[in-house]
Amino acid sequence: METLYTVFVDPFVQMFEVPDFFLQVLWEGLVSGVLYALIALGFVLIFKSSRIFNFAQGIMVVFAALSLVSLHTFLVPFVGNEFVAAAIAMPLTLGIMYALAMSVERVVLRPLIGQPDIILFMATIGITMFLIGFGEFVFGGENKVMITEALGIPTGAIEFEPFGGFLLLEEKDVFAVVMAIVLVISLLVFLNKSAMGRAIRALGDDHTAALSVGISLSTIWVLVWFIAGVIALATGIVWGARAGVSFALEVIAYKALPVLMLGGLESVSGAIIGGITIGILEKVFEIYWGQPLFGGNTETWFAFIFALIVLLFRPQGLFGEKIIERV
Amino acid sequence: MTVIDPTPEEVRKRGGEREVLLDLQNISLAFGGVKAITNISFNIRKGEIRAIIGPNGAGKTSMLNVINGFYQPQEGVITFNGQKRSSMKPHLAVSQGIARTFQNVALFKGMSTLDNIMAGRATRMKRNMFWQMLYWGPAQQEEIEHRKKVEEIIDFLEIQHIRRTPVGTLPYGLQKRVELARALAMEPELLLLDEPMAGMNLEEKEDMSRFILDANDQLGTTIALIEHDMGVVMDLSDRVVVLDYGRKIADGVPEEVQSNQEVIDAYLGLSH
């Protein structure tokens with residue numbers, strides 16, 4: 001009886017009675033959800049245009065963040081100013097992500113054109129391993145601190161008093177959400193309105209047809225991997241600002257997997273909604289069910305179980321198109 | 001005795017002195033040990049409609065794939081517009097002015113008719129990637145100009161009513177027409193059509209024939225087409241090349257080819 005109460009009644013009573021805390025939980029969930037969505041977006045973009053499930057998206061986040069921080073540390077003694085160093089390090093890091101995209105296309109993807117999907121998937125695992133080793137070799141394995149202030153990311157907090165209670169939004173979280181929204185909107189506009197975006201969609205739709213209208217595979221692949229790299233950098237900055245920059249960050253990329261299961265591998269909006277849904281649900285579950293029932297730490301597995309349950313009922317994911325196959 | 005001037009139709013059929021647009025010399029293509037094309041030579045003249053016919057597996061589609069750079073022949077010389085070609089990629093062929101359609105329509109099924117045709121202008125977008133990414137200023141202006149051209153082609157092929165429809169939902173005949181529209185949007189010098197009328201009913205075939213002739217007449221597009229409907233081939237084409245088992249067995253105006261014994265044998269399946 002007591003358990004039933006803890007599961008079905010108490011959480012809702014608490015949500016209702018302490019609404020400001022509930023709002024706080026929702027906000028925290030939204031922030032991590034937005035970051036999951038960003039990572040998932042990187043996956044979706046590459047999958048849409050090349051049918052490759054890019055296992056390396058997670059390590060690309062780490063690699064981008066590490067490049068930025070290390071370049072900054074390296075540059076500060078030369079230019080003598082934190083902000084100027086950041087202003088130089090930023091485009092340089094973008095350059096590194098572009099170089100990475102080019103080398104991935106040239107060294108890994110191009111020789112593997114026409115190979116089965118699983119081979120390309122394995123190749124991205126190879127890229128992951130390489131980036132881990134190469135990253136540790138160049139940047140060292142120790143944890144670093146994101147250059148939040150030098151980048152001009154606000155670090156204060158905004159306080160509200162809803163329902164006579166208390167709600168605290170950290171400014172860097174607000175920044176993360178705003179940045180994610182801007183990034184997603186510009187990406188959607190780019191994909192749907194520009195000629196390049198149309199070429200990316202075209203390539204994702206039909207390879208042969210895309211080739212026949214003169215869309216160059218290499219150009220688009222480099223572009224797509226570069227955009228995924230930019231998204232990785234953005235994710236790395238905001239996530240690094242919350243949790244520090246280290247190879248452990250890579251783990252959050254695995255959170256993108258349940259997001260993708262929910263949202264479908266090909267849907268940009270699916271990735272966003274899936275990410276936010278998972279972020280909020282896992283936080284709410286952790287606070288109201290996880291801690292009283294399981295003693296906490298449910299955030300590590302909740303998303304996966306949730307995705308599995310959804311898949312039992314909707315194998316195509318929440319937003320994927322129903323696959324009707326003629327036999 | 002009265003002298004009758006040749007009608008424009010007849011002049012077109014002769015096609016004699018026109019400049020050679022594409023010249024294929026001794027082309028051979030093999031996949032491993034399987035020879036798809038053996039030592040084939042023929043040319044396509046500017047402004048003509050050139051049919052490539054032959055029984056199934058004769059190497060017709062392989063030939064088109066060689067022309068637009070999907071396949072790289074092991075032997076032979078290809079000259080396009082007076083320029084000898086070394087290695088070729090499909091997107092390079094497009095930028096040189098070669099467009100094509102496919103036997104089984106290859107469209108972007110999830111995209112609208114308009115987007116499909118706009119994609120046909122991919123290589124004509126001159127603004128660099130940076131502007132395109134920003135979708136700003138000059139790139140936007142350019143998009144508008146391309147859109148105008150695309151609307152002309154939509155009018156030309158009478159597909160205004162399906163402008164916004166995702167092509168995956170269109171009936172087959174219309175899909176074929178959209179594919180032709182996309183190829184024409186490339187404003188090609190040479191248009192390769194792989195069985196443009198396969199699976200069509202009589203009315204659709206007549207429409208398609210009309211569009212092909214119009215594209216040839218009004219837009220001045222040189223056309224090479226593969227087709228199995230002999231009536232269509234004989235009506236449309238200026239010259240016909242016949243392939244069988246990867247070899248060329250005949251080449252000439254439709255009447256010649258029609259009465260060629262080897263061609264008749266190939267179609268009736270005489271033993272080799």
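Asn81(B) counts as partly exposed because 16 C-beta neighbours lie inside 10 Å. Its backbone stands out too: phi is near 55 degrees, a positive value in a residue other than glycine. The model is predicted. Chain A has a mean pLDDT of 87, and 97% of its residues reach 70 or more.

**Two loops of chain B**

- Asn81(B) sits in the loop that links strand S4 (75–80) to strand S5 (83–84) of chain B.
- Tyr245(B) also has a positive phi, about 45 degrees, although it is not a glycine.
- Tyr245(B) belongs to the loop between strand S9 (239–244) and strand S10 (247–252) of chain B.
- With 16 C-beta neighbours inside 10 Å, Tyr245(B) counts as partly exposed.
- As background, most residues other than glycine have a negative phi.

**Chain B overall**

- Chain B has 11 helices and 10 strands.
- Of the 272 residues in chain B, 42% are buried.
- Take the contacts in chain B between residues at least 6 apart in sequence: 68% of them join residues at least 24 apart.

**Where the chains meet**

- Chain B gives 28 residues to the contact, and chain A gives 21 residues.
- On the chain B side, the elements that give two or more residues are helix H3 (90–96), helix H4 (113–119), helix H5 (129–134) and helix H6 (137–156) of chain B.
- H3(B) provides the largest share of that side, four residues.
- By class, the side of chain B that touches chain A holds 16 nonpolar, seven polar and five charged residues.

**Ala93(B), a residue of helix H3**

- Ala93(B) is placed in helix H3 of chain B.
- Is Ala93(B) buried or exposed? Ala93(B) counts as buried, because it has 24 C-beta neighbours inside 10 Å. The cut-off for buried is 20 or more.
- Neighbours within four places in sequence aside, Ala93(B) is in contact with Asn68(B), Gly69(B), Met88(B) and Ile98(B).
- Met197(B) is 104 residues from Ala93(B) in sequence, and their C-alpha atoms are 24 Å apart in space.

**Helices H2 and H11 of chain A**

- Helix H2 (residues 19–50) and helix H11 (residues 268–294) of chain A pack at an angle of about 145 degrees. Their axes are 7 Å apart.
- The crossing of H2(A) and H11(A) is right-handed.
- By class, the contact of H2(A) with H11(A) has 17 nonpolar, seven polar and three charged residues.

**Helix H10 of chain A**

- How far apart are the end C-alpha atoms of helix H10 (residues 250–263) of chain A? They are 21 Å apart. At 1.5 Å a residue, the 14 residues of H10(A) should span 20 Å, so the two values agree.
- H10(A) is mostly covered, with 10 of its 14 residues buried.
- The buried residues of H10(A) include Glu250(A), Lys255(A), Pro258(A), Met261(A) and Gly263(A). Ala253(A), Ala256(A), Val259(A), Leu260(A) and Leu262(A) are buried in H10(A) as well.
- What covers the buried residues of H10(A) includes H2, helix H3 (57–79), H11 and helix H12 (299–313) of chain A.
- Gly264(A) follows H10(A) and has a positive phi, near 85 degrees.
- Confidence in chain A is lowest in H10(A), at a mean of 82. Confidence is highest in helix H4 (residues 82–109) of chain A, at 93.

- Asp173(A) is in helix H6 (residues 171–193) of chain A.
- Asp173(A) is buried, because 22 other C-beta atoms lie within 10 Å.
- Asp173(A) and Val9(A) are 164 residues apart along the chain, and their C-alpha atoms are separated by 31 Å.
- Val178(A) also lies in helix H6 of chain A.
- Val178(A) counts as exposed, because it has 11 C-beta neighbours inside 10 Å.
- Val178(A) and Leu38(A) are 140 residues apart in sequence. In space they are 12 Å apart, C-alpha to C-alpha.

Technical notes: Residues are numbered from 1 along each chain as its sequence is written. Chains are lettered from A and ligands numbered from 1 in the order in which they are written. This is a predicted model: local features need pLDDT of at least 70, side-chain atom pairs count only at pLDDT 80 or more; totals for chains, interfaces and linings use all residues. Two residues are in contact if their C-beta atoms, placed from the backbone, lie within 7 Å. Ala, Val, Leu, Ile, Met, Phe, Trp, Tyr, Cys and Pro count as nonpolar, Asp, Glu, Lys and Arg as charged, and the others, Gly among them, as polar. Axes are lines fitted to C-alpha atoms, for helices over the stretch in contact, and angles run from 0 to 180 degrees between N-to-C directions. A crossing is left-handed if the near helix is turned anticlockwise from the far one by less than a right angle, and right-handed if clockwise. The expected span of a helix is 1.5 Å times one less than its number of residues. A residue is buried if 20 or more other C-beta atoms lie within 10 Å of its own, exposed if 12 or fewer, and partly exposed in between; C-beta atoms are placed from the backbone. pLDDT is the predictor's confidence in each residue, from 0 to 100.
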